[in-house]
Amino acid sequence: IETLGKELFSSAVFEGERKLAENDLFTLNHIPVKKGVERRASMFHIGGFIPYSDNLFRLLPRANFFNHFIENGIEVYEMKLKSSTTSYNAHLLELSIEKIIDTVHAFSDIAFADCGQKMILEGYCGTGVNTYTSYLADMESMAKKFNLILTFVSPLDARKCTLFEQMFQVLNYLNPAATSLDGHIVSSSLDTMQDKNFEKTPMGALVHGWKNKEWANVESMVDLTLRQQSELAAWYWLSLKHGGYYPLSRDLYIFYTRLFIQGVSTDGALPCEYKGKPLNLNDLKKTGIKVLVFLGSNDHLVNYQTAEVLRPMLGDQCQIVVHQKTG
């Protein structure tokens with residue numbers, strides 16, 4: 001985990017990719033469709049804070065989030081947090097919802113000019129809520145650039161995600177002053193809620209390897225199958241040491257606490273404002289933006305019912321796809 005997994009983690013690079021922009025916290029990269037594939041659509045991927053970092057999306061060259069899109073004709077504009085996978089990222093304490101929204105607006109202008117067509121606004125897990133906050137913060141401009149909001153396993157009415165709700169209730173009890181959180185606290189709290197603490201210890205890793213004899217003959221990178229590479233990279237991503245590199249800023253901590261404890265109000269109001277402007281999901285009806293949500297029926301972190309709040313508000317404007325037997 002600390003050698004091969006560390007080397008493998010977030011190692012995916014893509015043929016023809018180029019950096020289009022950057023600021024203090026984010027970069028914007030263009031990942032074109034694969035050679036020989038016709039471009040069918042353009043997707044803007046929102047980066048930001050998720051537990052253990054958004055470096056996950058580049059897990060491995062042959063196993064990563066973006067391959068599925070570029071193989072099927074969907075080019076990707078990747079908004080990615082600037083962060084190290086091997087050392088503490090103190091600058092993440094400056095990350096805020098406002099800075100995320102401002103970056104989405106600025107970078108999507110660049111992406112729109114580059115691709116020349118309306119795009120898909122996409123978020124995954126903890127970044128999914130920012131598809132809504134960013135769009136609602138400047139609907140007139142965003143409607144010109146996007147014709148679809150797309151999220152994967154993202155908490156929206158986050159009170160339904162009981163494990164995360166319980167975690168933030170505990171953190172709020174331990175941290176009543178609403179200060180920033182050390183990455184180790186975030187990581188260990190998630191482990192405690194899932195009863196995964198032992199698995200993160202050196203002994204836990206040893207027990208896992210002892211039970212799986214296929215690891216016995218692994219001496220170097222060339223001995224690893226793709227599944228083993230994926231597993232080692234994921235173990236490093238989830239490791240307590242690596243998770244500790246990514247602190248949760250005070251602004252984001254307050255935001256996520258409200259999201260998971262207060263949730264979305266009955267009238268559609270999100271638990272945050274942008275520069276004094278309330279953000280309400282009902283306002284999505286004003287532009288008619290299509291919303292597509294993917295969830296897993298067996299997801300123990302993000303309850304598949306978290307997006308049900310959209311149905312009474314948006315009706316046919318929204319489609320929720322729940323994959324059966326999927327975590």
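Trainee: Where does Cys125 lie?

Mentor: Cys125 lies in the loop between β5 and α4. Those labels follow DSSP runs numbered from the N terminus (helices are H or I with at least four residues, strands E with at least two). This is a predicted model, where local features need pLDDT of at least 70 and side-chain atom pairs count only at pLDDT 80 or more, while totals for chains, interfaces and linings use all residues. Residues are numbered from 1 along each chain as its sequence is written, and side-chain values use heavy atoms, without hydrogens and water.

Trainee: What phi does Cys125 have, and is Cys125 buried or exposed?

Mentor: Cys125 is not a glycine, yet its phi is positive, about 55°. With a relative accessible area of 17%, Cys125 is buried (buried is under 20%, exposed over 50%, partly exposed in between, with a 1.4 Å probe and protein chains only).

Trainee: Which residue takes a positive phi in the hairpin of β7 and β8?

Mentor: Lys275 does, with phi near 50°, and the hairpin has 2 residues between its strands. Strands β7 (residues 269–274) and β8 (residues 277–280) pair antiparallel over 3 bridges (two strands pair if DSSP finds at least two bridges between them). Within that pair, Ala269 stands opposite Asn280 in β8.

Trainee: In what order do the strands of the open sheet run?

Mentor: Trace the 8 strands as β1-β2-β4-β3-β5-β6-β9-β10, with mixed pairing. At the edges are β1 (18–22) and β10 (318–323), each pairing on one side only. β10 and strand β9 (residues 290–296) pair in the parallel sense over 6 bridges. Look there for Val293, which stands opposite Ile320 in β10.

Trainee: Now a helix residue. What is Ile101 in contact with?

Mentor: Contact means heavy atoms within 4.5 Å. Ile101 sits in helix α3 (residues 97–115), and beyond its neighbours within four places in sequence, its contacts are Thr133, Ser134, Ala137 and Tyr274. Compare its spacing to Asn130: 29 residues apart in sequence, but 7.2 Å apart in space, C-alpha to C-alpha.

Trainee: Why does Ile101 count as buried?

Mentor: Ile101 counts as buried because its relative accessibility is 0%.

Trainee: Last feature, then. How much space lies in the largest pocket?

Mentor: Rolling a probe the size of a water molecule over the atoms shows where empty space is left. On a 1 Å grid over the protein atoms alone, a pocket is an open set of points where a 1.4 Å probe fits, with protein on both sides within 12 Å along at least five of seven lines, and lining residues have an atom within 4 Å of a point. Its volume is the space filled by probe spheres set on the points, joined across faces, edges and corners. Here, the largest pocket holds about 830 Å³. It is lined by 33 residues, with Tyr52, Gln194, Trp237, Leu238 and Leu301 closest to its centre. Helix α9 gives the most to this lining, with 5 residues.

Trainee: And which helix gives the most to the lining of the second largest pocket?

Mentor: That is α8, with 5 residues. The second largest pocket has about 280 Å³ of space and 13 lining residues, with Ile1, Ala205, Gly209, Trp215 and Leu232 nearest its centre.
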